[in-house]
Amino acid sequence: MTIASILGAIIIGAVIGALGRLLLPGRQPIGWILTVVVGIVAALIGTAIAQVLGVATTNGIDWIELVMQVVLAVVGVGLVAGLRRSRV
């Protein structure tokens, strides 16, 4: 694993997490670091699911995979926000 791949995962996680947070209605009591972590996890799981389902990898943007990742980020942000609310 190189520095470039780690930075790439962080950037993609930030984008996926931010999209998930934007699409989730209401206010979420989680910080940006937790949003990035949820985005990274959603991106990894979404990619794994896409590969299992046989979604073809293309040279451009894999829209089906991206939709899976964002939906998982919405679910993840909702779960984490719910857990944070129940603690407070």
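Buried residues (under 20% relative accessible area with a 1.4 Å probe, protein chains only) make up 28% of the 88 residues in the protein chain. This is a predicted model, in which local features need pLDDT of at least 70, side-chain atom pairs count only at pLDDT 80 or more, and totals for chains, interfaces and linings use all residues. Residues are numbered from 1 along each chain as its sequence is written, and side-chain values use heavy atoms, with hydrogens and water left out.

**Fold and dimensions**
- The protein chain has 3 helices and 0 strands, where helices are DSSP runs of H or I with at least four residues, strands are runs of E with at least two, and both are numbered from the N terminus.
- The radius of gyration, taken over C-alpha atoms, is 13 Å, close to the 12 Å that the globule rule (2.2 Å times the number of residues to the power 0.38) gives for 88 residues, so the protein chain is as compact as a globular protein of that length.
- Along the principal axes, the C-alpha atoms of the protein chain fill a box of roughly 45 × 30 × 20 Å.

**Nonpolar cores**
- A nonpolar core is a set of buried Ala, Val, Leu, Ile, Met, Phe, Trp, Tyr and Cys residues joined through side-chain atoms within 4.5 Å.
- The largest has 6 residues: Leu24, Ile30, Val38, Val77, Val80 and Ala81.
- Helix H3 (residues 63–87) gives the most to this core, with 3 residues.
- Ile16, Ala42, Ala43 and Val70 are among the 5 residues of a second, separate core.

**Contacts**
- Leaving aside residues up to four places away in sequence, Val77 touches (heavy atoms within 4.5 Å) Gly17, Arg21, Leu24, Gln28, Ile30 and Val38.
- Of the contacts between residues at least 6 apart in sequence, 65% join residues at least 24 apart.

Conventions. Buried < 20%, exposed > 50% of the residue type's maximum accessible area, 1.4 Å probe, protein only.
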